[in-house]
Amino acid sequence: MSKAYETIRVEREDRIAWIILNRPHRLNALNDVMMEELLDALTTIENDPGVRAVIITGEGDRAFSAGADVTAFPKATPVTAEELSRKGQKVFSMIEELSKPVVAAINGYALGGGLELALACDFRIASEHAELGSPEINLGIIPGWGGTQKLVRIIGLRNAKRLVMLGERLKAEEALQIGLVDKVVPFEKLRDEAMILAQRLSEGPPIALKYAKYALNFGSQVPLEVGLRLESALMALLFSTNDVKRGIEAFMSRSKPEFKGD
Ligand code: COA
């Protein structure tokens, strides 16, 4: 957990792992090294049963992430651009497929790939001064890390077109109104609010949370009948866990369950 990275920091607080994007001089733009380091950190977190929730944020108060590192674009070829797109999709898929809940604490600009990173998380809390958008169209490209597909699912086609085709940047409050973020708080409270949410998630039953996340994410991409069958199978599997016994016992005795993840 204490591994030293060049472009991110990973910190541990109780059962919560923080991933902090750490290139503030470039507004935490995502470059190749950062992608590799995110993959490595996420793999470590996935394999650590002591981590029950994750928070991703950016260093400083200016940016969560201003997107892909544009300085690499002039030298890009179609082949390297395709590779970069696939690498980002891999990182963001890993967040979506992580067996633990992930909270994005959006501490400033979340633009382009920065917004796509936040979209891959399960919950989004934004600081009041944060701005969110997909400005790729202004560079002559489109979102390439899942943005076109995920925005539609989260904020609907109409709003997604405003962001992707017009490159409009939304203030946090408007992002809240259209459901792009779950909560807006003053910057000074962002860390605490993210912790409160992550703490709550970290006290939940880990296997049920893992299956819930999978059923919701996977289920939204398949025909309803397939999703319903998956839901039944996962719900049935949960009856093999000790946590379901703990949950039911606690309900019967009107106490708080202590879920252990077995
Ligand atoms: N890639 C690489 N560097 C970036 C970057 C990015 N996506 N976004 C910002 N930076 C760098 C700037 O080049 C600048 O570096 P410099 O100090 O060496 O000149 C530094 O971060 C600060 O950014 P700056 O533009 O000076 O801040 P600002 O407050 O004037 O504007 C933004 C902030 C976010 C509006 C502006 O930086 C921006 O539009 N960034 C690009 C966003 C984008 O198009 N993302 C999608 C990429 S596909």
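A residue counts as buried when its relative accessible area is under 20%, as exposed when that area is over 50%, and as partly exposed in between (1.4 Å probe, protein chains only). Helices (H or I, at least four residues) and strands (E, at least two) are DSSP runs numbered from the N terminus.

The model is predicted: local features need pLDDT of at least 70, side-chain atom pairs count only at pLDDT 80 or more, and totals for chains, interfaces and linings use all residues. Residues are numbered from 1 along each chain as its sequence is written, and side-chain values use heavy atoms, with hydrogens and water left out.

**Exercise 1. Find which residues of helix α3 are buried.**

Step 1: Locate the helix, which covers residues 113-120.
Step 2: Go through its residues: G113, G114, L115, E116, L117, A118, L119 and A120 are buried.

**Exercise 2. Describe how domain 1 and domain 2 meet.**

Step 1: Take the bounds, which come from an automatic or database domain assignment: domain 1 is 8-202 and domain 2 is 206-253. Their C-alpha centres lie 27 Å apart.
Step 2: With contact meaning heavy atoms within 4.5 Å, domain 1 supplies 11 residues and domain 2 supplies 7 residues.
Step 3: Give the area. The size of an interface is often given as the accessible area lost when the parts come together. Buried area is what two parts lose in this way (1.4 Å probe), summed over both; for domain 1 and domain 2 it is about 610 Å², 56% of it on carbon and sulfur atoms.
Step 4: Look for a salt bridge, that is, a side-chain nitrogen of Lys or Arg within 4 Å of a carboxyl oxygen of Asp or Glu. The rule finds 1 across this interface. K213 forms a salt bridge with D122, and the closest N and O atoms are 3.0 Å apart.

**Exercise 3. Is D14 buried or exposed, and is N28 buried or exposed?**

Step 1: Check the backbone. Phi of D14 is near 55 degrees, a positive value in a residue other than glycine. N28 is not a glycine either, yet has a positive phi of about 55 degrees.
Step 2: D14 sits in the loop between β1 (8-13) and β2 (16-21), and N28 in the loop between β2 and α1 (32-46).
Step 3: Read the accessibility. D14 has a relative accessible area of 56% and is therefore exposed, whereas N28, at 0%, is buried.

**Exercise 4. Work out what surrounds E193 and where the side chain of Q221 reaches.**

Step 1: Start with E193 in helix α6 (residues 187-202), where it is buried because its relative accessible area is 18%.
Step 2: Not counting residues up to four places away in sequence, E193 touches I125, K183 and V185. Its side chain makes a polar contact with the side chain of K183 (3.0 Å).
Step 3: Turn to Q221, in the loop between α7 (206-219) and α8 (224-238); it counts as exposed at 55% relative accessibility.
Step 4: Follow the side chain of Q221 to the backbone oxygen of N217, at 3.1 Å.
Step 5: Compare sequence with space: Q221 and R153 are 68 residues apart in sequence and 9.8 Å apart, C-alpha to C-alpha.

Technical notes:
Polar contact = N/O pair within 3.5 Å; in protein donor to acceptor, adjacent residues only side chain to side chain.
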